[in-house]
Amino acid sequence: MAYSSSLFPSPFFSTDSSLFEVEVTRDEFHSFHKIDRDLFTRLVFVLKRDMNQSSQVIAFLLVVEQLGFARNLVACLVSSQDMLIDAVANEVGVCLSILYNQNYSSFVLLNHNNNDEVVIPFLKGVTNSNLTLSYIIQYRDTILVRVTKNLNDVCNRAFDDIYEKGYKEQWLALERAKVIEEMKKIRLGAPQQTPTRFSVQHQTPSWRNVQQQIPRRSNVQQRTSIRSSVRRSTPLNVSAPQEWVPSPAVEEKAKAAVTETKGADNKEDEEEVTPADDRTVFLTFSKGYPISESEVRVHFTRKFGEVIESIVMQEVQENEQPLFARMVLKMEYASKIEEIVTPMNKNKFTIDGKHVCVRKFFPDPSSSHV
């Protein structure tokens, strides 16, 4: 694939661009944008961020360069550590949310009092405080036009082969997750022989069974007599064994102990039952950055283990994006909810470069669930 670009006017040649054009090959275009490609590759394959948002991040950084706020910003980031690149990309994600969603800008200003040091500290630092939230909001339309232009003219052309590789890996990851889910269903569908507390109690030998297994005193005396008789070579006098029966007091104490143990176990089982609402996490997504159920499941499973019982996404039309979801934890992992939402009852995760806010779920009696 070749890209054409007209030469500068010359007094020796015709100024008609249709008569004289130079072609820029695909490899030459990729070579020219090598630094941009390197940063995009790290965002997608090293930091595991979403490809579409990563393209927008590069386009926004190019706007920052074009506005003269930070020359060679992309080159500086390429030579930086992954932690810094990820932090800057997160801040650019906030800026993009402001550009694409006017309501989000009000949310940021309301919650952070327009504090650039809190919301975009790295961007403010690399631009010598020239890039601020107020500037982005004030020139929102102009910046958005420039970002869109960079996406179409640079990113889509310079990253075309990386897109193809990235989409292939994403497809393979989703297929792998589906296969794992099918394997779990097959395993969970098979009859399980895992012992439970009740089955163990039912298998516990009764008092009379234990009594039969305990060697009787007469038998012990008999074996002792046999050994001594064999040593002395004297005739044996074997008497009929007499059955040993526990006294009524001992038997009553044993029955009381068994009854008390069963009562304690039943009480413990009742305490372990946690209502679904008390082990439900409420998730909210940013508008314009759709997240699928499988992406949510894969992310939280990798981070916290097999803790998810079910995920209920918001019911929307086919061409609309769910903006929230409920994630119910398994009964045995109900305590994990504190780790997920933190003691502050709010937390934020980044799933494929997209922000997800979580908190405990509090059902509204006047409305139905998701």
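## Exercises on cavities, helix packing and loops

The largest cavity holds about 40 Å³ of space (a cavity is a set of 1 Å grid points where a 1.4 Å probe fits but cannot get out). The model is predicted, so local features need pLDDT of at least 70 and side-chain atom pairs pLDDT 80 or more, while totals for chains, interfaces and linings use all residues. Residues are numbered from 1 along each chain as its sequence is written, and side-chain values use heavy atoms, without hydrogens and water.

**Exercise 1.** Identify the residues that line the largest cavity, and state their classes.

*Solution.* 
1. The structure holds 1 cavity of 30 Å³ or more.
2. Its lining (residues with an atom within 4 Å of a point) consists of Phe 60, Val 63, Val 64, Leu 67, Phe 69, Leu 131 and Ile 143.
3. Helix H3 gives the most to this lining, with 3 residues (helices are DSSP runs of H or I of at least four residues, strands runs of E of at least two).
4. The lining has 7 nonpolar, no polar and no charged residues (Ala, Val, Leu, Ile, Met, Phe, Trp, Tyr, Cys and Pro are nonpolar; Asp, Glu, Lys and Arg charged; the others polar).

**Exercise 2.** Which elements and residue classes form the lining of the second largest pocket?

*Solution.* 
1. The second largest pocket has a volume of about 670 Å³.
2. Of its 25 lining residues, Lys 48, Gln 170, Ala 173, Arg 302 and Asp 352 lie nearest the centre (a pocket is an open set with protein on both sides within 12 Å along at least five of seven lines).
3. At least two residues each come from H2, helix H5 (82–100), helix H11 (160–189), helix H16 (293–304) and strand S6 (347–351).
4. H11 supplies the largest share, 6 residues.
5. By class, the lining has 9 nonpolar, 8 polar and 8 charged residues.

**Exercise 3.** Determine whether Asn 72, Asn 128 and Thr 132 are buried or exposed.

*Solution.* 
1. Most residues other than glycine have a negative phi.
2. Asn 72, in the loop between H3 and helix H4 (73–78), has a positive phi of about 60° and is exposed, with a relative accessible area of 54%.
3. Asn 128 lies in the loop between helix H8 (121–126) and helix H9 (133–138); its phi is positive, about 55°, and at 63% relative accessibility Asn 128 counts as exposed.
4. Thr 132, located in the loop between H8 and H9, is buried, with a relative accessible area of 17%.
5. Not counting residues up to four places away in sequence, Thr 132 touches Asp 116 and Ile 120.

Methods:
Grid points are joined across faces, edges and corners, and a volume is the space filled by probe spheres set on the points. Buried means under 20% relative accessible area, exposed over 50%, partly exposed in between (1.4 Å probe, protein chains only). Contact means heavy atoms within 4.5 Å.
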